[in-house]
Amino acid sequence: MTRLVNLLPSGDNAGHWPLQRTNNTILTLAITRLLISKGSTTTPTNQESLAQAGAINKIIDLALSPDPPSTVSAAALLACADLLRGNYNVQAYFSTFLVSTPGSTGEPPVLREENTAVGARASSETRSLSRGSQVFVLDALLAMSLTSLAPYTYEQRLAASQCIQGFIYNNVEGREGLVERIIKTYQDDENLETQEAHNLLYYILNLDDTTRKDPYRVWFACVILSHLLDSSATCKGMMRGISIGDTAEGEEPVSALQQINANLSSSLLNSYDPRIAVGYLMLLTIWLYEDTQSVMEFLEEGSGIQTLVGCIAQGRDGIYVTGLAAIFLGVCIEFNSATSPIPPYPFLSSNI
């Protein structure tokens, strides 16, 4: 394993990345992924052997350094996702790293080990988003997924989101800790005029001209959150606890779920980019699946259901939006309750 890891070049090559080095690096990463393919009986052992040989440091260096081509960065992130997937020891080790923020020192990202893991539940002081010019590696991956600025490509953003998925796979502690961290980031930044690039909930809950400029930003935020909430009653409960609106200013507080309901309706009624509606529908379908309490909360605003029924009946938003809307309504019907604002029988008779 050590010999394989040593074949990977440093991310800092002073901008000198000829085609041969690029191809060799991508091939080496592909060979690495063959050793840690999902479902193989040798994968857990190989994952830990690669981690002990320094693979995480090398791969994240390639993924986040500004020098390597975007194809190398994306390939490195996909390899990192496979390295993390399903192995708690490697996931915990990964979550302790800090990386230099891009452009903070003019140097490429440097990985440093931190005593407190991002996935662990720790004090707000030890889990602050940055340490000087450094951030936790998971924050860097969130920022890469959510940024619409150069130099990141769509392939890099997608690979970064898959790397996050690899971190939370079969990692209950890491999943819940990351959701807690994301919520804390949103609450800390809520009153700031300029939101941080890694503020995932901002791009989901605030649908305005700024956030709509890059529909993939909303889509990636919804995809990442949907994986965090998938089959996790605890994470869904934490999300239900979010309240938006300053009562001191006379604003009526609304829940995150109600705000997403309103944003989805707005995107459909105003014919925003369909990627936005697709992102919201994917998130809501996974969130409300097997979650009667969330279904009841969503149905408190009947106009949202009316908008979805109209979307399906008219079919003008394309097959993806219309199909997902139908699936989501099916989830609402399946997990509805007789005590909900729209009980099952009136719901099924379309008397909304």
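These legends describe close-up views of a predicted model.

**View 1. The largest nonpolar core.** This core has 99 residues. Those with the most contacts inside it are Phe94, Leu200, Leu201, Ile204, Leu288, Phe298 and Leu308.

**View 2. Surroundings of Phe94.** Phe94 is among the core residues with the most contacts. Leaving aside residues up to four places away in sequence, Phe94 touches Ile56, Ile60, Cys80, Leu84, Val137, Leu138, Leu141, Cys163 and Phe167. Two cysteines, Cys80 and Cys163, are included in that list.

**View 3. Cys80 and Cys163, without a disulfide.** The disulfide count is 0. Cys80 is in no disulfide, and the nearest cysteine sulfur, that of Cys163, is 3.5 Å away. A disulfide requires sulfur atoms within 2.5 Å, so the sulfur of Cys163, at 3.5 Å from that of Cys80, is too far for a bond. Cys80 has 1% relative accessibility and counts as buried. Cys163 is also buried, at 0%.

**View 4. Helix α16, end to end.** Helix α16 runs over residues 302–314. Its 13 residues should span 18 Å at 1.5 Å a residue. The end C-alpha atoms are 18 Å apart, so the span agrees. After the helix comes Gly315, with a positive phi near 60°.

View 5. Gly304, Ile305, Thr307, Leu308 and Cys311 are the buried residues of α16. They cover an arc of only 160° around the axis, and therefore lie on the same side of α16. Leu308 is also one of the core residues with the most contacts. The face turned away from the buried side carries the exposed residues Ala313 and Gln314.

Methods
Residues numbered from 1 in each chain as written. Predicted model: local features only at pLDDT ≥ 70, side-chain atom pairs only at ≥ 80, totals over all residues. Heavy atoms only, no water. Core = buried A, V, L, I, M, F, W, Y, C linked by side-chain atoms within 4.5 Å. Buried < 20%, exposed > 50% of the residue type's maximum accessible area, 1.4 Å probe, protein only. Contact = heavy atoms within 4.5 Å. Helix = DSSP H or I, 4+ residues; strand = E, 2+ residues; numbered from the N terminus. Expected span 1.5 Å × (residues − 1). Arc of directions from axis to C-beta.
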